[in-house]
Each structure stands twice: as C-alpha cells, then as structure tokens.
Amino acid sequence: MTADPVPVASDPAAGSLEPARRPEPAVLRVWASAELAIACAALVVIFVSVLWQVVSRFVPALNWPGVSELAGYSLIALTFIMVGYLIGNNGHITIQIIDYVAKGRALVVVKAVSAACTAVICALLVWEAFELIQAYPSRRTAALGIPISILYAFPLVGFASGAVRAVVRVFYANRDDVTFDAAEAR
Amino acid sequence: ACTTQNNTAPSAGENPQLTIKIGSSQPESQPNFYCGMKLLKERVEGQNLNLTLDLFPNSQLGPDAERFAGVQAGDIDIDLQGGSAMSTAFPKIGVLDAAYAFNDIDHFFKWVDSNGKDFFTEFNGATDTTIVDAWYFGMRTFTATAPIRKPEDLASLKIRFPNTPQFLANAKALGANAVSIALEELYLALQQGVAQGQENPVVATHAQKFDEILKVASLTNHQVGTHYVVVSDKTLDKMSQPQKDALFTAIHDIRAENRTCVDDETEKVLDGWRGESGRTVVEIDQVDRAAFIAKAEAHFTSYYKGADLELYKSIRATAG
Amino acid sequence: MILELWMVGVVIAFLLLIRVPVGLAFLGPSLWWALADGTSSGFALKTTFDGLNSFPLLAVPLFILVGVMANRLGIADRLYEFCLAALGRVRGNLAYVNVGSAVGFSWMSGSALADVAGLGKMQIPQMVKAGYPFSFAAGLTASSSLISPVMPPSIPAVIYAATATVSTGALFAASVVPAFIMAAGLCAYIFFWTARRRDLGTVPFDRRRFVRAAVGAIGPGLTPVILLGGILSGLFTPTEAASVAVLFMLVLGVLYRTVKVRVLLQSLRETAVITGGIALILGAAALLGLILTRAHVSRDVAEFLTSVSDSPVVFMILVNLILLVLGALIDATAIILVTVPVLLPIATDLGVDPIYFGVVMIINLMIGLLTPPVGSVLYITSSVTGRPVDQVFRGVAPFLVPLVAVLVLITAFPDLALWLPGVLGF
Ligand code: NA
Ligand code: NA
C-alpha cells in the first residue's frame, strides 16, 4: 500500500549519459549528511515542541515556557544549516530563465560567475555572523536563557559551508548539473 | 549616563544634521503614539536644531526584543520598550514588572524619580542604551469569560500570559493557570476557547479587539504597564549637547501629558464597556486587592534571589 | 536613498538572472545597502534571523511534513482513489478534485505555502500520471492553494486585522464568500479547458469500487474533521493543528501498516530540504521588507496615491495595481505590515470599509505569491516537483486570468465580502 515514489520526468537538459554523477567531493558529501541529520533533528524538535504546547494546556504539569522558543530556534537552525547542503546539491530555489539563452561555453561562464557571486554573498554573511557573535556576548534568549551567540553559530557554520560549496562549484562549472530531487535527499 | 569620550562627538554650538528613527509596538490609534511619539516629533523638530524624527509605530521595525537589540546596535535610535523585552539584556529590569510590585502609577513614578537615576545608570553600563524616562501605558488587568475578584477565581480559567519568565512568574504569583499562545494567534485562540482570558492594559485590550470576545473585564490592576523611552548611546554620541537637552526635556515633559491621554482613553473605553448590555466590568473596589498583593508578595519573596530580591523589597518598602 | 534602492533592485534582478539562489540574491544586495545606510555590521543577518523567529511560520515545515507523509504512507493514494471513484465519469475529474480538496484543506490551513507544499506534492505527480500536462497540473495546484490563506483560518488575515486594528472575526467572515468565488472561478476555467480536451480519460462509475474506496478513505477523510473540529472547539490553534496533523498521519500510517523507520527518516530528509530552501527566502524577504520600511518606500507610494485622485473607485483601482506590483516583488506579510498603516487611513477617509479593504488586499497579495520574481508558491511548486520555476510559471500564467477576474469582481462589489459579516452580526 506504500505510495510509489512518483517519477518526475527528468529534465532532458540534465546530463543523463553518466548516471552515477558525483556532484561533490567525498569529504563534502559526508559533511552534507551531517548537515541534513542536524536539520532533521531540528524538524523533530519543531514537531515535538508544538505538540507539547498543545498537550501542556491540558496537562498543566507539562507546562514549560521553553517549548515555543525551542521550536522557533529550531526552524532558524534548520534554515541556516541547510544553506551549504542545498548549494552543494543544486537544491536551492533558482530562476533558470538564462538556460534558454546561454548554451555551451556561455552557460559555463554564467554558472561560474553565479557560483562566485554566491560564494561572495555567503562569505559576507559569515562575516556578519561573526560580528553578531561578538556584538551580543551577554544576551540570552527570553525563556531558555540560551546565549544568543551560540544561536548565531548556525548561520556562521551554514554560510561558511555554503561559501566552500560555492567555490567548489566555480571549478565544477563545466560539469552538467544534476537535477535535484528533494524526495531522494541523502 | 552616555559616554562622551568619543572623539567624533560634536562640540557645543554646532548641531549636526541627524535623522532619528523611533520605533514602538503601538499602533497609531494608541495614546503612546498620538500623545507620545508624535508630540516628541513636533516638539523636537520645532526647535530647529537640525533634528528630524522618523516615526515607526506598530512594530514596523520588528517585535519588542528584536527592536531593543537594534537600539543596542544603533540601528534604531529611540524605542518605547516594556521592561520584560529588555530583561534579556539586563535581567534585573524584569523585577519592575513583577505583579503588584508597584501599587499604582504614582508609586512607580515616585520610585523612578527617587531611585531611577542609579538604576538606569546600572542599566546603561550593561546595555549601552540610555533610559531617559518612562511613559505610562496603562494598568494591566484581566479580560476573561468570567469575573476575577479574588485569586481563587483565576485557578479555573486558562489565561494567556506573554511567554517570558517574568510574566509567567506573575501568573504563578497571582495564582493563575497560565497558557502560552503566540500573540499572532491570540484572537483566534480566545474566540475558539483555547484560552478563556488574557491580561493587558484596557487600551491595548480594546485596540487588539480582544474585548469583542471577552465580555468580562476585571480591574485587578496587577501590574503598572510602562514604556521606557530608551535611546541608543551610539546615537547620543553623534548629538550635540543642545540637541540632547532638547530631546531629553521633551521626553520628560511629555510624560505627564501622555499619562493624561492614557487615563482619558482608558476611561473612554471603560465607559463604553460599562454602558454595554451583556458586558461586565468588575470595578477596582470589587477586587480583593489585599488578597492578591499578599499572595504575590509571598511568592516573589521566595522567587527572587540576591540583588533581584533586594530590589523587589526596596520597591515594596516604598509602597506606602 | 531611493536611487540606491533602485540599484539594489537592479543587482537583485541580475543575480536572479544568473541563477544565484533566490534567498542569497536578496541577501547580498540588501546587506550591501544596509551597510551603506550606516546600519551596524550584522544588521542584515540579524534581521533575516529574527524574521524566521515567528510562531505561525512553524506551520510551514509541519504542513510540508504532513504532505510528504501523506504521500509516503499511502494516505494520499486512498483519498485519490476515493475522489476518482466518485468523480471518475466527469471529464477533468482530477482537476475538480484538486480544487475540491484545496477548499477542504483551506479550512485547516492558514497559508498557501503549507498547502501547495503538502497537496502539491501528491497532486501534481498524480495528475501528470493521469495524462494532464505538467503546466496545467502545476498551475492549477498553485492557484487553488491560494484559497487557503483567503478562507479562514488565514495567517495574512490575522496579520492584517492586528495591523489595521479591525476584528479578525469579521475579516474571517468576510473572506468566506470570496474564497468560494475563487474556487468557482477556477472550476469555470477547468470547465472551459477540459471542453477542448476530449483525450482526458473518464472512468465509468463502479459501485463496488466506490464503496471499497470510500471505506479506505475514512481515515484520511477524518483529517479535516479532527483538525477543524479541534480548532473550532478550542483544543488547539491553526499553527498547532499542523503538529496534530503530523501526529494523525503517524497514527494512520500505523493503522495501515505503512510506517517504517526508513520511510519516516526519508520523510524527514525530504521535508528538511524543502523547508530549508523556502525558509531562507522567507528570512531574506523579511530583510528586504525592513529595508523598504526604513526607507519609507510605502509611505512615498501612498503620498503619490492621494495626489492622483480623491475618488474611492480610482483609489481602489490604483491600490490594486500597486499591490499587484508590490506583491510581485515583496513578501505579502511585509507588504501588509508596511502599507496598511499608510493606505488604510486614506481608504477610511474616502469611505472605504476597512474589512472590505482587507479582503481585497489579501486576495491581491495572494495572487502575488504566483508571480515572479518573489512568488513563494511558485518556488515551492518548483521545489516539490523538481521542475524549473519558469516552467511552473508558464503553467500558472493562464490561471491568473480567472484569479484577477475574481479580484476585480470582489473589488467592484464590496457586498460580496461584507454580506456574511453583516448576517453574523460582526
Ligand atoms: Na485557510
Ligand atoms: Na510575487
């Protein structure tokens, strides 16, 4: 009775000649699994926390002011920790109109410039994260008292990972993109 | 209280051209906007000191705690802040929000005028922001589906309190059965009965339309609601002395006018409620204040420790 | 200042064009502008971070998870089998089922994002499997998901009501009829579209198949009853309902014996990946919105508006045009927060009802979710189907005709919105 994973007709532009295409170096693929595992854990925390808030209204003993804060910061952690993973796996949401215009070498140049811009933006955000960690050394979250500087470590790590991935993509610009399928995420 | 050793600080006599961004959570329909921020803009700009005040009411610049961090960073120049949002940076200020710590607004202002200077200096050292004065926001009271005259009445109702440690401590101190619901969902939650009440000043309850659902207002007046007018030290460093003087004087002057406005608006809303059939207002003298105060004091004297306890006791000692 | 903002827009457009991820294409130039504006270093990231820290947003990953689990645990298949068995003999059966299930789901969900992520995930592949062109399936699913944030409960309505200080209950009531008109508009479009598509298969009605399918669909069919019942009876809020829905999917999976650790883990991975892509854009849109607020762009727009005409009709036409443009460029929540305090006083001065104004604004901004460059529903549809955004938009474009027609209709006849709140005594 399990639903078939419905095959989405693959983009003919994507290189289907070499099926076992490896999008990233092995080190980064291991790193990606770690990022995805953290994001999944954050998702579980969101689910449990929000459900906890419901249950605690009927079981006052479970009332704990930290749950909604925990859920909120988990969504933030999930968002930032996935930045590098999605850049590395071609999984970010992009507008691909240029593909209809730029072909061959031109597309390679576009992809290289795009990856370079992505790397610069990620690097700027790493710097911002670093500044924020230093700017609020004593600030803590309202309910749980988590030092806010620890929370800024998520964007720091995520955008650093994104910058590394983007630099790799500059050098991989001449390779065909692998169409990313969220359902097959590893 | 602000640092002036910054060597880019202007010398007296020249007034740099500055645009001051002022944030607040209050919508434009509320006294703290039309009898507060807006007056401040008129008064300060009217003195031709090269100051322009740029008003951002209605949480346009973000939620309270995030805006206060913006004041610390200098991205927002002035903000109107309740104590609890700033307690993430300076926990002690949360004590001023303790239920029945202050008997009424007169008690609060008396304390600010005699003890505020030292307290705000300590605050400044910890946050790099300067509290110039406090503007009245209204006494926090309960609106619920049933009257609340004594602590026991609270136990049978699920009451929504803001989800910060001090507010939840207030709930405990008053004997309330607190539930946490995000402000964005509160109206719907009250409508569907997820919670049977909430606490806010009368004007805020009316502005957010919670009184459409909750037909019983109980004037427990359990907490003095105030908005501290807090200025970024980064902004003060850029201002000339005449500019600072004009700003500070205007903020102090507005305090009394703003309070009259809040009182008038509160009475206007209350009179509307009193005259409406099917709605109940439990008046101040119908509430067993002594029971509430005794319960709150008993709770907080064991809840607070160290410097917080000392502060709490010193406030209660001036309660008269 | 305004000049520099135009440059920010140009750089964002350039970055989008060369395929920089949308979230980062917003973040880079906004960060640059903020620094040039003299904000503290860290301002851009902090605003993005804070923009994500919102309780109602938690419904997004959770409803995505609901959709993913419904698909992987065989729950969606049962609903489909039932709908097909019931509507099989109607030409365009799956298309009508699409709108019908969107209406059903809209009573549980407050945002289009959660909807298209959940329902789109299962509906688009099934329609493609049944012979519909991808563009039609994606366009219809994306369009019908807009019913959710219009029909109560609605997150944009809650935000509007809070900003405009009007009654959320009245706004909810005012949204019901327009939401059904949207559904009717989409059905009308389907009717004309399928009239030319004789090739789309129909299935003769089979009583035994129908009964079997109906029994199999009892569990999934209970989902709206449990969620809506829970919300209406005050057991949980619309956001919290999302977590209850996840729990209910788990229960159904256990009953149908489709729950396996491997399946659950893969559901989590898929949801995390989809959420990560969407949430970065939501955070970046919060930054862009704050920058526009600080620069008073919306205020300038409003001042321009009042200088043009003092007729309420002209005003509403201008408001609609401006909101459609803003909706194409900016996140809807940011627009509500920024423009309502400016536009609403003008509207009330001209005698425009604030509840009616809110309904028009919400429908208008929800259409903006379908239009590039900033169209969250487009991006989610792209993400859950693995197809490029431009392909999805080509599918969506024809549906803008009935949707804009509905917007015009409701703008022209305020009573369509104001009738129900009047009847209910708001
Ligand atoms: Na809805
Ligand atoms: Na758009």
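Helices (H or I, at least four residues) and strands (E, at least two) are taken as DSSP runs, numbered from the N terminus. The model is predicted: local features need pLDDT of at least 70, side-chain atom pairs count only at pLDDT 80 or more, and totals for chains, interfaces and linings use all residues. Residues are numbered from 1 along each chain as its sequence is written, chains are lettered from A and ligands numbered from 1 in the order in which they are written, and side-chain values use heavy atoms, with hydrogens and water left out.

Chain C holds 23 helices and 0 strands. Its radius of gyration, taken over C-alpha atoms, is 22 Å, close to the 22 Å given for 426 residues by the globule rule, so chain C is as compact as a globular protein of that length. That rule is 2.2 Å times the number of residues to the power 0.38. The C-alpha trace of chain C spans about 70 × 45 × 45 Å along its principal axes. Of the 426 residues in chain C, 65% are buried. Buried means under 20% relative accessible area, exposed over 50%, and partly exposed in between (1.4 Å probe, protein chains only). Contact means heavy atoms within 4.5 Å. Among contacts in chain C with a separation of 6 or more, 79% join residues 24 or more positions apart.

Thr47(C) sits in helix α3 (residues 43-52). Thr47(C) has a relative accessible area of 11% and is buried. Beyond its neighbours within four places in sequence, Thr47(C) is in contact with Ala286(C), Leu287(C) and Leu290(C). Phe393(C) belongs to helix α21 (residues 389-396) of chain C. With 25% relative accessibility, Phe393(C) counts as partly exposed. Residues up to four places away in sequence aside, Phe393(C) touches Leu370(C), Thr371(C), Pro372(C), Leu378(C) and Leu400(C). Phe393(C) and Ala138(C) are 255 residues apart in sequence, yet 8.6 Å apart in space, C-alpha to C-alpha.

The interface of chain C and chain A was then described. Here 73 residues of chain C are in contact with 71 residues of chain A. The two chains bury about 6500 Å² between them, with 73% of it on carbon and sulfur atoms. Buried area is the accessible area (1.4 Å probe) that two parts lose on being put together, summed over both. On the chain C side, Arg19(C), Leu45(C) and Phe49(C) lose the most area to chain A, together 14% of what that side buries.

The rule finds 1 salt bridge across this interface. A salt bridge is a side-chain nitrogen of Lys or Arg within 4 Å of a carboxyl oxygen of Asp or Glu. Arg57(A) and Glu240(C) meet in a salt bridge through their side chains (2.3 Å, N to O). Helix α15 (residues 261-294) gives the most to the side of chain C that touches chain A, with 15 residues. That side has 40 nonpolar, 19 polar and 14 charged residues. Ala, Val, Leu, Ile, Met, Phe, Trp, Tyr, Cys and Pro count as nonpolar, Asp, Glu, Lys and Arg as charged, and the others, Gly among them, as polar.

Chain A also meets chain B. In this interface 13 residues of chain A are in contact with 16 residues of chain B. Chain A and chain B bury about 1200 Å² between them, 47% of it on carbon and sulfur atoms. The count of salt bridges between chain A and chain B is 0.
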